[in-house]
Structure formats: C-alpha cells, structure tokens
Amino acid sequence: MVLVFLANILTRNGEICLKENGQVGYGRFSASKLFKGSTSFKFEYEVDGHFYSGTNYSVYQVFKNQEMLKGKLLPVIYDPENPENAKMLISKFDFEKFDRVRPDSLKWLCSSAGICE
C-alpha cells in the first residue's frame, strides 16, 4: 500500500512538471495492448539527439483500430529538465490535462481510431 501511495505521488509530481514546464514535440506510436476496460500504449521520441521510449496507461482510452496508429507521429509532451518524463497526447482529455489545445490536425483520430474525446 505504501508503494502504491509513493508511485501516485511520483506520477503526480511528474505530471505537474509536464503541465508547468513541458515542451511539445512528436513521437511515434509503437505498440498498444488492450486490457479489460483500459489500454496501455508505447511510444518513442527524440529530444536533443537522444532517443527515449515511454508508456501511457489509460483507463479512459479504449480505442478501436489501435493497429492503425502504429508508426504514426503524434504529439508528446516532455520535461526538458528530465526528458524521460513524457506522455503522448492523443485524446482531448490528454491535452486538457496539460493545459494544451488539441490541434485540428488530429481530427482524423476521431473518425479513424475512435478517439473523439
């Protein structure tokens, strides 16, 4: 229970850093795994010539046609002080969580992958 509590604190602190200091770049969606009622997906991105990979876990994003996202470039928010702290921004909720506006260029996600919110 203590480990879960600490993990939640670290995750929350990482998200606060992203919200306050995050820079947006692009990363490549590389894989996803559908669980009962949730999705995890992996992505790869580059910052200052260094390559990183990340994983998002989502209980609110269960998208159809996940396979069609593989290899697509999508926005990634990362902490310039600690580039390993990053999240891929796909849904409207992701952008709102970090006080960013979802660009119109991602409207295709709604019709193609079912990611409308």
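**Strands and core**

Let's start with β1 and β2: they run antiparallel, joined by eight bridges. Strands here are DSSP runs (E, at least two residues), numbered from the N terminus. Two strands count as paired if DSSP finds at least two bridges between them.

A word on the source. This is a predicted model, where local features need pLDDT of at least 70, side-chain atom pairs count only at pLDDT 80 or more, and totals for chains, interfaces and linings use all residues. Residues are numbered from 1 along each chain as its sequence is written, and side-chain values use heavy atoms, with hydrogens and water left out.

Back to β1, residues 23-35. β1 also pairs with β4, antiparallel, over six bridges. Take Arg28. Its bridge partner in β2 is Glu44. In β4, Arg28 has Leu73 as bridge partner.

Next, β4 itself, residues 73-79. Four bridges join β4 to β5, residues 82-88, again antiparallel. The two form a hairpin with two residues between them. Ile77 stands opposite Lys87 in β5.

Now the core. Which residues touch the most other members of the largest nonpolar core? Phe29, Tyr45, Leu74, Met88 and Ile90, out of 20 residues. β2 (38-47), β4 and β5 each supply at least two residues of this core. By nonpolar core I mean buried Ala, Val, Leu, Ile, Met, Phe, Trp, Tyr and Cys residues joined through side-chain atoms within 4.5 Å. Buried is under 20% relative accessible area (1.4 Å probe, protein chains only).

Last, Met88. Leaving aside neighbours within four places in sequence, its contacts (heavy atoms within 4.5 Å) include Phe29, Phe41, Phe43 and Leu74. Arg28 and Asp94 are also among them.

Conventions. Buried < 20%, exposed > 50% of the residue type's maximum accessible area, 1.4 Å probe, protein only.
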